[in-house]
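Let's take a friendly walk through a protein chain together. Have a look at the model first, and then we will go through it piece by piece.

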Amino acid sequence: MLRVAVPNKGALSEAASAMLAEAGYRQRRDSRELVMVDPENNVEFFFLRPRDIAVYVGAGTLDVGITGRDLLMDAQVDAEELLPLGFAKSTFRFAGPVGDFASAAELEGKRLATSYDGLLREYLAELGINASVVRLDGAVESSVRLGVADAIADVVETGSTLKAAGMEIFGEPILSSEALLIGRRGVTPPPGLEVLIRRLHSVLVARQYVLLDYDAPKTVLDRATALTPGLNHPPYRPCATLTGLPCGPWFWPRTPTASWTNSTIWAPAPSWSVTSTPAGSNPLPAPSHNFSHRRYMP
């Protein structure tokens with residue numbers, strides 16, 4: 001079975017389970033369940049702390065998992081991003097008392113509190129800033145008031161918690177984060193992984209686009225196409241570690257059948273586009289004055 005780690009609590013948990021359910025996988029009904037088997041899809045789900053998921057996947061104990069980009073980078077394990085999932089978006093930022101700091105360069109020799117010490121140390125090293133990092137498990141905003149640190153580095157969504165603590169954001173964002181599907185780096189893709197990625201990607205497309213389908217006279221086809229250019233950017237495709245192909249767009253070409261009159265053809269990568277099928281080229285006859293036009297619109 002494909003062994004998948006899912007966040008058991010926190011901001012990632014509910015959205016991750018909802019996305020997996022939408023992709024056709026069984027999910028737990030009781031939050032106390034730690035393991036759940038989906039025999040129909042040959043998948044076993046393990047519900048773990050979001051911070052631990054990258055560790056299990058990087059060690060090869062589990063095949064893939066859902067966690068945040070910030071948690072993946074902070075863990076510094078042998079795991080990589082397979083698919084961005086589009087939820088739980090946030091930024092990792094510096095913050096300090098109002099008016100105390102204007103840029104990261106002013107942190108030289110200061111004390112910084114964070115729950116992401118691995119990520120922060122690596123970032124400071126890249127900037128050449130020598131600062132003391134204080135590792136905390138939570139309530140980082142209180143560290144300055146309590147005298148533990150001079151500034152903090154933390155995940156920011158709305159910034160309301162920082163404002164309530166009398167702090168403000170400064171400097172450039174350290175990292176933009178969101179939920180990811182991650183896998184171990186440099187291994188042969190386990191059975192079922194390609195299906196999981198394809199299903200999750202389908203959910204992403206379904207959430208972001210609507211199908212606009214209409215008939216129009218041939219004489220206005222160019223104008224109609226200009227008004228609704230459609231989905232002209234390729235979907236996400238896993239990289240060479242999974243497919244053996246270069247990174248870039250992928251999907252599966254479709255061929256008109258006798259059940260189609262005027263419909264859309266998806267051209268195969270790399271020249272991916274959504275195109276319309278002229279009436280005369282379809283197996284079934286169509287009115288000579290009409291042209292079926294289908295577009296996927298954001």
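Two strands count as paired if DSSP finds at least two bridges between them. Helices (H or I, at least four residues) and strands (E, at least two) are DSSP runs, numbered from the N terminus. With these terms in hand, look at β5 and β11: five bridges join them, and the two strands run antiparallel. One of the pairs is A79 with its bridge partner R184 in β11.

Before we go on, a word about the model itself. This is a predicted model, in which local features need pLDDT of at least 70 and side-chain atom pairs count only at pLDDT 80 or more, while totals for chains, interfaces and linings use all residues. Residues are numbered from 1 along each chain as its sequence is written, and side-chain values use heavy atoms, with hydrogens and water left out.

Now for the overall picture. The protein chain has nine helices and 15 strands. Of its 298 residues, 43% count as buried, where buried means under 20% relative accessible area, exposed means over 50%, and partly exposed lies in between (1.4 Å probe, protein chains only).

Which sheet does β11 belong to? Six strands form an open sheet in the order β2-β3-β1-β4-β11-β5, with mixed pairing. Its edge strands are β2 (35-38) and β5 (79-84), each of which pairs on one side only. From one strand to the next, the twist averages 30°; axes here are lines fitted to C-alpha atoms, for helices over the stretch in contact, and angles run from 0 to 180 degrees between N-to-C directions.

Inside this sheet, β1 (residues 2-7) and β4 (residues 64-68) pair in the parallel sense over two bridges, and V4 stands opposite V64 in β4. Helix α1 (residues 11-22) packs on the sheet and touches β1, β3 (43-48), β4 and β11 (179-184); contact means heavy atoms within 4.5 Å. The direction of α1 makes about 140° with that of β1.

Is β11 enclosed or open to the outside? Five of its six residues are buried, so β11 is largely enclosed by the rest of the structure. By contrast, V37, found in strand β2, is partly exposed, with a relative accessible area of 34%.

Let's move to another sheet. This open sheet of five strands has the order β8-β7-β9-β6-β10, again with mixed pairing. At its edges stand β8 (132-135) and β10 (167-177), each with a single partner strand, so one side of each is left without a neighbour in the sheet. The twist averages 25° from one strand to the next. Strands β7 (residues 111-114) and β9 (residues 151-156) run parallel and are joined by three bridges; in β9, the bridge partner of L112 is A151.

Our last stop is helix α4 (residues 117-127). Which of its residues are buried? They are G118, L119, L120, Y123 and L124. These buried residues pack against α3 (69-75), β6 (90-97), β7, β8, β9 and β10. After α4 comes G128, whose phi is positive, near 75°.
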